[in-house]
Amino acid sequence: MELIEWKDFEKVELRVGTVLSAKINESARKKAYTLQIDFGSEIGTKKTSAQITDYYKEEDLVGKQIIAVVNFPPKQIGKVMSEVLVTGFPSEDGKVVLCSPDFKVPNGSKLF
């Protein structure tokens, strides 16, 4: 494990947002959803492609708060320009489990 300085951690913008919509990303190489996520008035609504189809259904994602890195440069994933990176952990079988707050917090709140 490489140690980092606090100033390095402060550069990473981990913010909470609410999923507004989720649909299959037909152009992704691996099965994924295209998500529209509301990060509040300062950041706005951002789009991403996320490989979270194993545990999550489209209808279960809408309204769910998630944590994402919002200050990476955009990345093309299939036909989707991904603007944020949704965070998660691998389960024992390698499927993604999303990071999300236990209780509702304001969209755009920064993890600290």
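Predicted model: local features only at pLDDT ≥ 70, side-chain atom pairs only at ≥ 80, totals over all residues.

Residues are numbered from 1 along each chain as its sequence is written, and side-chain values use heavy atoms, with hydrogens and water left out.

**The domain**
- An unreviewed UniProt entry lists residues 8-112 as "domain: TRNA-binding"; such annotations may be inferred rather than shown by experiment.
- Across residues 8-112, the chain is 11% helix and 40% strand (DSSP runs, numbered from the N terminus: H or I of at least four residues for helices, E of at least two for strands).
- The end C-alpha atoms of that stretch sit 13 Å apart.

**The core**
- The largest nonpolar core has 16 residues, and Leu35, Ile37, Ile52, Leu61 and Ile66 touch the most other members (a core joins buried Ala, Val, Leu, Ile, Met, Phe, Trp, Tyr and Cys residues through side-chain atoms within 4.5 Å).
- Strands S1, S2 (33-38) and S4 (65-69) each supply at least two residues of this core, with the largest share, 3 residues, coming from S2.
- Beyond its neighbours within four places in sequence, Ile37 is in contact (heavy atoms within 4.5 Å) with residues including Thr18, Val19, Ile66 and Val86.

**Thr18**
- You'll find Thr18 in strand S1 (residues 14-24).
- Thr18 has a relative accessible area of 10%, so it counts as buried (under 20%; exposed is over 50%, partly exposed in between, with a 1.4 Å probe and protein chains only).
- Not counting residues up to four places away in sequence, Thr18 touches Gln36, Ile37 and Asp38, among others.
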